[in-house]
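This report describes how parts of one protein chain are arranged. Please examine the sequence and the structure before reading on.

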Amino acid sequence: AATPQAVANMAWALAVLAPDPPPAALMAFLLQRMHDLLAQQPPPADLSPQHLANTAWAVAVLDQQQLAGQLAPLAAAAFSQQRWPTSQAEALGQWHQVHLWLTDSQVLGPAGLGAVPGVTQQQLEQCWAAWEERLTREAKASDVQKEVAKVSTCSGCCLSMHLHVCV
């Protein structure tokens with residue numbers, strides 16, 4: 001059985017690293033696994049808000065609107081009084097991106113994550129603030145950091161046996 005971290009890492013990897021969008025059935029499987037983990041009594045102790053955010057974020061990044069309705073239980077769990085206090089800035093920023101995607105696509109209606117029971121406007125504002133802070137921090141990146149980022153994301157690059165070769 002896949003752990004919460006394994007599910008979240010797989011979803012994140014599919015969103016970031018896959019050369020082509022994965023089949024919706026694969027993302028649906030990962031969402032179902034996360035739902036199964038949430039349904040366990042008690043839920044696994046290692047099921048964190050970051051795992052939930054990574055999984056939801058992957059669905060949004062992949063623009064898999066047919067799966068958007070399945071994000072509500074993940075959001076409800078992440079925004080719950082039990083988990084919210086342990087949420088870190090990265091997860092909050094991801095939830096902001098999910099909220100924007102849901103608002104834009106209106107799959108859950110014009111309120112986006114605001115339509116999920118238990119999600120408050122204050123929490124959504126905290127997500128926005130975390131996202132804004134990240135953007136500000138990235139805008140202040142040093143010239144060296146910008147050069148490293150440019151080199152590491154150059155087109156035509158591949159990673160082979162621990163060697164990074166640009167073609």
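Q106 has a relative accessible area of 47% and is therefore partly exposed, a class that lies between buried (under 20% relative accessible area) and exposed (over 50%), with a 1.4 Å probe and protein chains only. The model is predicted, so local features need pLDDT of at least 70 and side-chain atom pairs count only at pLDDT 80 or more, while totals for chains, interfaces and linings use all residues. Residues are numbered from 1 along each chain as its sequence is written, and side-chain values use heavy atoms, with hydrogens and water left out.

**Loop residues**

Q106 is located in the loop between helix 5 and helix 6 (121-139); helices are DSSP runs (H or I, at least four residues), numbered from the N terminus. D63 belongs to the loop between helix 3 and helix 4. Neither residue is a glycine, yet each has a positive phi.

| Residue | Phi | Relative accessibility |
|---|---|---|
| D63 | about 50° | 43% |
| Q106 | near 55° | 47% |

Another loop, between helix 2 and helix 3, contains P42. The peptide bond that joins Q41 and P42 is cis, with omega about -10°.

Helix 2 (residues 24-39) has 16 residues and should span 22 Å at 1.5 Å a residue, which agrees with the 22 Å between its end C-alpha atoms. The expected span is 1.5 Å times one less than the number of residues. Among the buried residues of helix 2 are M27, L30, R33 and M34. Their cover includes helix 1 (4-16), helix 3 and helix 4 (72-78).

The axes of helix 1 and helix 2 cross at roughly 155° and come within 10 Å; axes are lines fitted to C-alpha atoms over the stretch in contact, and angles run from 0 to 180 degrees between N-to-C directions. The two helices are therefore roughly antiparallel, a term for angles over 145 degrees. In their contact (heavy atoms within 4.5 Å), residues including V7, M10 and L14 of helix 1 meet residues including L30, R33 and L37 of helix 2. This contact has eleven nonpolar, no polar and one charged residues; Ala, Val, Leu, Ile, Met, Phe, Trp, Tyr, Cys and Pro count as nonpolar, Asp, Glu, Lys and Arg as charged, and the others, Gly among them, as polar.

**Helix 3 and helix 5**

Helix 3 (residues 49-61) packs with helix 5 (residues 89-105) at an angle of about 30°, and their axes are 9 Å apart. Among the residues in contact are W57 of helix 3 and W95 and W101 of helix 5. The contact comprises eleven nonpolar, four polar and one charged residues.

Technical notes
Angles under 35 degrees count as roughly parallel, over 145 as roughly antiparallel, 65 to 115 as roughly perpendicular and the rest as oblique.
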